[in-house]
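Subject: Handover of a structure

Dear colleague,

I am handing over the structure shown below. Please read the notes that follow it with the structure open.

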Amino acid sequence: MNKKVLLIEDEPNIIEAISFILSRDGWDVKTHANGHDAMDAVRDRAADLIILDVMLPGRSGFDILKDIRADGALSDTPVLMLTARGQDKDREMAARVGANRFMTKPFSNADVLEAVRSMVAT
Amino acid sequence: MASLNVLVLVCLIYVIFLFAVAFAADRAALHGRGAWLRSPIVYTLSLSIYCTAWTFYGAVGFAARSGLEYVTIYLGPTLVMIGWWWTLRKMVRIGRSQRITSIADLISSRYGKSNSLAVFVTVLAVIGTTPYIALQLQSVTLSFSIFAETDMISGGPSSQQSTAFWVASGLAVFTILFGTRNLDANERHHGVVMAIALEAVVKLFALLAVGVFVVWGLSGGVAETLAQIDASPISQFEVTNSRWIGLTMLSAAAFICLPRMFQVMVVENEDEGHLRTASWAFPAYLMAMSLFVVPIAAVGLERLPADANPDLFVLTLPLQEGRDGLAILSFLGGFSSATSMVIVAAIALSTMVSNHIVMPIWLWMSGESAMVSGDVRSVALLARRLSIAGIVFLGYLYFRVSGGGAALAAIGLISFVGVAQFLPSLMGGLFWRGANRVGAIAGLVVGAMVWMYSLFLPSFGDTVFLPQQVIENGLFGLSWLRPQALFGAEGLDPIVHAVMWSLLLNTFVFFVVSLLSFPRPIERLQGAQFVNVFQHSGTAGSWSGGLAQSEDLLIMSQRIMGASEAQALFAGAARHQGIAGLLPEPTPDFLQQLERELSGSVGAATAHAMISQIVGGATVSVEDLMAVADETAQIMEYSSRLEAKTEEQARTARQLREANEKLTQLSVQKDAFLSQISHELRTPMTSIRAFSEIMRDTEGLTEDEQNKYSSIIHDEAVRLTRLLDDLLDLSVLENAQVVLNWQTGNLSEVLDRAISAAGVNEPGFKVDRIRAKEQLELRSDLDRLAQVFINVISNARKYCDASDPVLRIRSKQSGGNLIVDFIDNGSGIPTDKQALIFEKFSRIGETKAGGAGLGLAICREVMARLSGTITYLPGQNGAAFRVTIPIDVEAAKAAE
Amino acid sequence: MSPKQRRMPVFVERKTYRRRRMADGARMLPILGALLFCMPLLWAVSSPPKTTVTMFYLFLVWIALSVTSAIISRHLHDDDNGSQSDAENGGR
């Protein structure tokens, strides 16, 4: 059975790219494109892994991550954060709120695959 | 021979009669009856207290010694009286309007109600008047002694002194009875004035009777009398110029300055109109009084023994001729002169002493409680009575101590010079606003000292107060300080010498010190009121009553409310009353309205006071109010300037704070922008990298996929380029390196182009335009303008959060500008963000997707290049931008 | 304000003018008097005049001044009385 991954990202082209890469690697990729109702999507999907962009319309990725970590059922879900703002500040922030991995755009497809695989140990 | 007993009896009857007259007059005044009490004739007659026993008896003595010179004593007052329009009118008006009680009060009021000045004037007046009272007592005792001698019952000097004592006591009792009956604010004494008027008639009648007797009874007619004068030692008019002019001036000055003259002329004045009658009647009275003086003197010199006292010719001539009745009448004349002078002088001085010396000391000693408990009145009355007794007693004492030896006229003139020292401060106070308290005190002190040193002290004889050597060699042996030849002015008559130096130095010091010192505000206010006392009462005719007041009111209101407001108010009121022009009638309604208006500016009490001053014609003149208003305005201006400065500082501080906030925010913005620009650059790059890797690494991609991914790469590359273009564009615009392409076109077309370019022609986003109003020609860089419109419109599309978004575009022409408003129905931009939206790199919401935050910054720069503006319009229930463009940009640029 | 009342000022203007000239007269009178009273001093320069002559002169001047003052103050009197009573009526 394929592992489920939830991708929360607002840029359609990036969604398309990541979906393509992960699908090819055998993941069941679900996507969500805004921050407002991202938590609903997280609960619905009950994903094994969440890929979360920091800058989302409606709600910041950090806030969503805080909610995830505060939620009893979801708190253990590994989260990979993506950001286009390559500042240390963002990295620290991500670590503090409980991100498992942090990647700066643009990334190489191989790195994404490697990260995703290592986070969901099979 | 007339017996002394008869004389005493007649005297007593006369005194009882005077008491009765005074009593009746007081009663009549109390009951409001007796208009005759207030007739101008009574006023004129009361002025005759100028003619004391000195002039009654002494004038003949004066004439017997130095001929016609005695008339100078009457010429001075005559000139003052006929010149009433200059001085007396003003003094009387001020006296009435300021409720002046004495000359000390007048001078102190004028110089800021200074009590030290009042005390000084009072003391000088007492010093100057006491010998004069002694003189009156002496004349009465002397005239008694004449009768006593002829009656052979004489009791020697001791009885003379007892006579003086009884006379003094009687006068004190009379004065206290009628002089302190009431303590009116206006200090008028009807009984006393009436008795004095009666006495004036008696003394004139007595002197005329003696004169007629001498001319027609003794000499046998006018021609014979003239021949007799020609044959007498005084047949030649031998006067020195300095004495003639000096004595005339001195008597004029004394007439104004003598406390008793001030009392009857100003304080007892019932009606200013009385001055008009007095202006001619009193000179006539004086003329009549002096008419027979030379004949009596000439006949007396011829008929009486050489050792006879010429000062008593008036009495001794009838007596010698056996006319006892005439002699008694003459005695009554002299008695009247003496008593009336003592009574009025005692009243005047007691007012000064009690008001300026006793009462302040008493109040100071008893503290505040007395003012509250209200027994001030009884204390004032007591003080007044004690002062009267004290002053009369002082006169008696002086008479006892001096022994009454000196010639009568001499001491009269010395006294005149003393009170004449008031003249510079008095006249300066009436006519010169620059006169001030320090100057007045300095002048008075110097004048009084010179008078004391050069005249008063030497008059006691060579050895009494000043040692012989001082008189001969001067003080400290300095010859220029000889009392009667100051500064080497030798050979002058002592009186003229003293008048000249004391008044010259007094005036000079008064003037110079006034120039050099600075008055207190109250002095300036009082000075204005005194000098300008006539200006509020107005001399114009009756017609001006209403409108003149309105005009005054308008002038005043303009100063308070501002010219246009006041004029509008007055014009409105005039229209309301149906009057053409600017000035309404001062009806109660209008006055109330005006008062309300003014009280808004100056407070209710002040407004009421100001209006009632003008309309009620009260004591403060319009000019004074103006002066006060101006000073207030200056103070207000000063304080408002201070306020403005404080405000400016506060504003600067606020600006600094705002600038600081902006800088902080900009710094935050800059950081945010760097993240943003990073994000904006990395996002397309992410796609490009991801898809290029996919295309490189993935095998078996369909052609569709390949096409799709390569077009994504292409689009993202274009996006990157556009971002870089924007940055470049902004940089170019900011450095004014942009080349503009001027075209003429139609606003509507530009909007069409912008709307289609912004891609809002999609369903769900409505653009509301009124095309008919957009048909406006303009000359500008239309491409750049379209760029601005596109930016604004696409912002609305991006950020309008209404469920049913509508963008209203409204165009209009205003002057040389076109105004285009873009208003959406979203939540708009929060107030705290409005200041920042045109800054570079700013983004309204951090989480909102969109451009790099350069759009509006570019718009602002573009509009600046097009000589227009783009601003945020607050309060439109949505985000609203206003673009203002000059219709002809080149014309606008030329105008700049 | 009726037109009739409006014409008043023209008439009063003249009265006011007269009154002002009378006030000028009142101001000049004491100066004139002082000069006249000093005239005997000029006669005395060469030889002292007779007392009787001087006396007549002085008393005549004196009477003349009183009469003139009476005339002038009478004019000021009449006028001022009118304006005063009117002002009081108007003011209150």
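The notes below start with conventions and then go through the chains and selected local features.

This is a predicted model, in which local features need pLDDT of at least 70 and side-chain atom pairs count only at pLDDT 80 or more, while totals for chains, interfaces and linings use all residues. Residues are numbered from 1 along each chain as its sequence is written, and chains are lettered from A and ligands numbered from 1 in the order in which they are written.

Chain A

Chain A contains 5 helices and 5 strands; helices (H or I, at least four residues) and strands (E, at least two) are DSSP runs, numbered from the N terminus. Along the sequence, the pattern of chain A is β-α-β-α-β-α-β-α-β-α. Of its 122 residues, 40% are buried. A residue is buried if 20 or more other C-beta atoms lie within 10 Å of its own, exposed if 12 or fewer, and partly exposed in between, with C-beta atoms placed from the backbone.

Two backbone features deserve attention in chain A. A:Lys105 and A:Pro106 are joined by a cis peptide bond with omega of about -10 degrees, and A:Pro106 is in the loop between strand S5 (101-104) and helix H5 (109-119) of chain A. A:Ala46 has a positive phi, near 45 degrees, and belongs to the loop between helix H2 (38-45) and strand S3 (49-53) of chain A. A:Ala46 is exposed because 11 other C-beta atoms lie within 10 Å. As background, most residues other than glycine have a negative phi, and most peptide bonds are trans.

Chain B

In chain B, the axes of helix H14 (residues 293-303) and helix H15 (residues 313-320) come within 10 Å and cross at roughly 55 degrees. This makes H14(B) oblique to H15(B), a class for angles that are not under 35 degrees (roughly parallel), over 145 (roughly antiparallel) or 65 to 115 (roughly perpendicular). On the H14(B) side, B:Ile296, B:Ala297, B:Val299, B:Gly300 and B:Arg303 meet B:Phe313, B:Val314 and B:Leu317 of H15(B); residues are in contact if their C-beta atoms, placed from the backbone, lie within 7 Å. The residues of this contact are 6 nonpolar, 1 polar and 1 charged. Here Ala, Val, Leu, Ile, Met, Phe, Trp, Tyr, Cys and Pro count as nonpolar, Asp, Glu, Lys and Arg as charged, and the others, Gly among them, as polar.

Strands S1 (residues 743-746) and S3 of chain B pair in the antiparallel sense over 4 bridges, where pairing requires that DSSP finds at least two bridges. B:Gln743 stands opposite B:Ser780 in S3(B).

B:Ser867 is in the loop between helix H34 (855-865) and strand S6 (869-872) of chain B, and counts as partly exposed because it has 19 C-beta neighbours inside 10 Å.

Chain C and B:Thr248

Chain C has 2 helices and 0 strands, and 27% of its 92 residues are buried. B:Thr248, in helix H11 (residues 241-257) of chain B, is in contact with C:Phe37 as well as B:Thr72, B:Leu75 and B:Gly76, leaving aside neighbours within four places in sequence. B:Thr248 is buried because it has 22 C-beta neighbours inside 10 Å.

With kind regards

Technical notes:
Axes fitted to C-alpha atoms, helices over the stretch in contact; angles between N-to-C directions. Contact = placed C-beta atoms within 7 Å.
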